[in-house]
Amino acid sequence: MTSRDQILQLADDALILSHRCAEWLTRAPEIEEDVALANIGLDLLGQARSLYALVGDEDRLAYFRDAPEWRNCRLVELPNGDFAFSMARLLVFSSFQLTLAESAIVASDPGLSAVFAKSVKESRYHFDHATQWVLRLGDGTAFSRQRMQVALESIWPHVEDVFAIAPDSRSPAMAKVEGVIRRATLTVPDTAKPEWGGRQGIHTDHLVDLLDEMQSVARQHEGATW
Amino acid sequence: MVTQPLTAGDVLELIADIPDPEIPVISISDLGILRNVAVEGDHVTVTITPTYSGCPALDAITQDIETTLEAAGIDDIDVAMTLSPAWTTDWMSAAGKRKLLAYGIAPPSHTAEGPVPLKLTIRCPQCGSGNTGELSRFGSTSCKSLWQCRDCREPFDSFKVH
């Protein structure tokens, strides 16, 4: 049986990345991308809600915990950066979610199995979307290639923290990611000094800023109802 | 006055035609999201399932179910949500698919389960032409993608096979 803390890690991952996707709205390179990122963020929000439902009250968990109580990996709390960075992040994260769907941590828990049986179909769209962009930007102009390569280098140290919850998933998930990188004529980054801590509640200031904004209305009017 | 005990069939009759809030031409039973109705004495449990994880219509559908039943004098209601088995477009009724097409949305082009289909094209709901192309994998809602007809030039939503 998967622990409450582990389920919280997965729920927090989804909610924080959902928030980052929402931050792209009105700022994406083209309107279809605004729509795509809105859809992706909405899928992730739905997954987060389903996961929170397994462990507690979604509103208390989303709006009234401080940063040290959050269990998301650091990768998802980083600011959106440029579009290449966001697509590199989505590539890694969606591959993680796809592989997680088949992992022991999910299979051993009926609640998680139900959530992932549903979300895996959506994660396929997310992975496909990120792949299309990484291919186009990597195998693009000299400028887009450089930006995409830099994005991958920035992402790489954070991979460790993502898979801390399911180390066995790392190899198959990253093999898929590396396959896309090579097809995009980019270079798989060298093993970097790993960043970690998100899953233990040790976060960057980025999460503090994100929560500050996300929780501001709820905290100003605690107990309010529509 | 003799009152008949409430049956699941009675409840189903009341709620089966509740329209999907985002695509009002099809009902929650056409879509296959109405999963179960159970009646125990006066207590009614309706179970529904979301199409996509983040489906925002579920709250509205829940309210519509409650309002409809309350209007019929049934107020001991629970609307429950189940994730398993996961919803698939295979659960959409044939009638539902016809209604989508009449409304201008291309219905799911093939089944999700079963042998790999030979996918030819998606026909334009306006003019019927097969000369169409996908503009974006993501459309106005999570369940749809955006297509355009190259003959009549009209854009249209297409319900993704899921």
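The model is a predicted one, in which local features need pLDDT of at least 70 and side-chain atom pairs count only at pLDDT 80 or more, while totals for chains, interfaces and linings use all residues. Residues are numbered from 1 along each chain as its sequence is written, chains are lettered from A and ligands numbered from 1 in the order in which they are written, and side-chain values use heavy atoms, with hydrogens and water left out.

**Around Ser27(B)**

Ser27(B) belongs to the loop between helix H1 (8-15) and helix H2 (28-31) of chain B; helices (H or I, at least four residues) and strands (E, at least two) are DSSP runs, numbered from the N terminus. With a relative accessible area of 6%, Ser27(B) is buried. The classes are buried under 20% relative accessible area, exposed over 50%, and partly exposed in between (1.4 Å probe, protein chains only).

Next, show the side chain of Ser27(B). It makes a polar contact of 3.1 Å with the side chain of Ser29(B), and it reaches the backbone nitrogen of Asp30(B) at 3.0 Å. A polar contact is a pair of N or O atoms within 3.5 Å; within protein, one must be able to donate a hydrogen and the other to accept it, and residues adjacent in sequence count only if both atoms are side-chain atoms.

**The nonpolar cores**

Select Ile15(B), Val46(B), Ile65(B) and Leu69(B), which touch the most other members of the largest nonpolar core, a set of 103 residues. Such a core is a set of buried Ala, Val, Leu, Ile, Met, Phe, Trp, Tyr and Cys residues joined through side-chain atoms within 4.5 Å. Centre the view on Ile65(B): apart from its neighbours within four places in sequence, Ile65(B) is in contact with Ile15(B), Ile18(B), Ile28(B), Val46(B), Ile48(B) and Val79(B). A second, separate core has 6 residues, including Ala106(B), Ile122(B), Trp147(B) and Cys149(B).

**The sheet S1-S2-S3 of chain B**

Now switch to a cartoon view. Chain B has an open sheet of 3 strands in the order S1-S2-S3, with mixed pairing. Strand S1 (34-40) and strand S3 (77-81) of chain B are at the edges with a single partner strand each, so one side of each has no neighbour in the sheet. On average, and with direction ignored, neighbouring strands of this sheet are turned by 15 degrees against each other.

S1(B) pairs with strand S2 (residues 43-48) of chain B in the antiparallel sense over 6 bridges; two strands pair if DSSP finds at least two bridges between them. Within this pair, Val39(B) is opposite Val44(B) in S2(B). H1(B) packs on the sheet and touches S1 and S2 of chain B, its direction making about 135 degrees with that of S1(B). Axes are lines fitted to C-alpha atoms, for helices over the stretch in contact, and angles run from 0 to 180 degrees between N-to-C directions.

Pro85(B) lies in the loop between S3 and helix H4 (94-103) of chain B. A cis peptide bond, with omega about -5 degrees, joins Ser84(B) to Pro85(B).

Select strand S5 (144-149) and strand S6 (155-159) of chain B, with Arg153(B) in the loop between them. S5(B) and S6(B) pair in the antiparallel sense over 5 bridges, and Lys144(B) stands opposite Phe159(B) in S6(B). The two strands form a hairpin with 5 residues between them, and Arg153(B) in the turn has a positive phi of about 70 degrees. Arg153(B) is exposed, at 53% relative accessibility.

S5(B) is also joined to strand S4 (residues 132-136) of chain B by 4 bridges, the two running antiparallel. In this pair, Gly133(B) is opposite Gln148(B) in S5(B).

**The interface and chain A**

Colour by chain. The contact takes 21 residues from chain B and 21 residues from chain A. About 1800 Å² is buried between the chains, 57% of it on carbon and sulfur atoms; buried area is the accessible area (1.4 Å probe) that two parts lose on being put together, summed over both. On the chain B side, select Ser53(B), Leu83(B) and Phe138(B), which lose the most area to chain A, together 39% of what that side buries.

Finally, go to chain A. Thr131(A) is in helix H7 (residues 110-138) of chain A and is buried at 6% relative accessibility. Thr185(A), in the loop between helix H10 (167-183) and helix H11 (205-214) of chain A, has a positive phi of about 60 degrees although it is not a glycine. Thr185(A) is partly exposed, with a relative accessible area of 38%.

Notes. Contact means heavy atoms within 4.5 Å.
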